[in-house]
Amino acid sequence: MLNNIMNFANYWWFRYLMVTELYVVEKWERVTIHVIFMVLFCVFWYFNYSVLLSLTGNIFGYTPIADILPTVSHGAGVKVT
């Protein structure tokens with residue numbers, strides 16, 4: 001089972017390196033490019049989460065879940081009946 005998962009992950013990692021042509025660069029260049037990819041991914045995620053989510057909520061009239069739920073102080077529980 002674990003061997004199958006490792007083979008699957010290695011296959012897709014190999015395909016990723018082939019498609020992005022990162023197999024031809026040195027290890028330090030590959031690490032640098034992966035860090036840049038991760039930073040870009042995090043920036044895009046934050047933009048989508050903070051800007052686009054609130055913008056579409058305002059356009060379509062959705063209320064964020066944080067505004068609906070009661071504020072609970074840290075350590076206090078919510079009684080469910």
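Guide: A residue is called buried under 20% relative accessible area, exposed over 50%, and partly exposed in between. The model shown is predicted. Trp 12 has 44% relative accessibility, so Trp 12 counts as partly exposed. Tyr 11, at 42%, is likewise partly exposed because its value falls in that middle range.

Visitor: How many aromatic pairs does the whole structure hold?

Guide: The search finds four aromatic pairs. In one of them, the ring centres of Tyr 11 and Trp 12 lie 5.4 Å apart with planes at 80°; planes over 60 degrees apart count as edge-to-face, so this pair is edge-to-face. Ring pairs also join Phe 8, Tyr 11 and Trp 12 into a cluster.

Visitor: How does one judge the span of a helix, and what does helix 2 reach from its first C-alpha to its last?

Guide: The end-to-end distance is compared with that expected at 1.5 Å a residue. Helix 2, with 34 residues, reaches 47 Å, close to the expected 50 Å. A kink of about 30° in helix 2 is centred on Asn 48, and Gly 61, which follows the helix, has a positive phi near 80°. Helix 1 covers residues 2-20 and reaches 27 Å, close to the 27 Å expected; just after helix 1, Glu 21 takes a positive phi of about 60°.

Visitor: Which residues form a nonpolar patch on the surface?

Guide: The patch consists of Val 31, Val 35, Ile 36, Phe 37, Val 39, Leu 40, Val 43 and Phe 44, with about 720 Å² of accessible area together. Val 43 lies in helix 2 and, at 49% relative accessibility, counts as partly exposed.

How values were computed: Residues are numbered from 1 along each chain as its sequence is written. This is a predicted model: local features need pLDDT of at least 70, side-chain atom pairs count only at pLDDT 80 or more; totals for chains, interfaces and linings use all residues. Side-chain values use heavy atoms; hydrogens and water are left out. Helices (H or I, at least four residues) and strands (E, at least two) are DSSP runs, numbered from the N terminus. The expected span of a helix is 1.5 Å times one less than its number of residues. Patches are made of residues with over 30% relative accessible area and no salt bridge: like charges are joined within 9 Å, nonpolar side chains (Val, Leu, Ile, Met, Phe, Trp, Tyr) within 5 Å. Accessible areas come from the Shrake-Rupley method with a 1.4 Å probe; for residues, only the protein chains shown count as cover. A salt bridge is a side-chain nitrogen of Lys or Arg within 4 Å of a carboxyl oxygen of Asp or Glu. Buried means under 20% relative accessible area, exposed over 50%, partly exposed in between (1.4 Å probe, protein chains only). The bend at a residue is the angle between axes fitted to the seven residues ending there and the seven starting there. Rings of Phe, Tyr and Trp (its six-membered ring) pair if their centres lie within 6.5 Å; planes under 30 degrees apart count as stacked, over 60 as edge-to-face and the rest as tilted.
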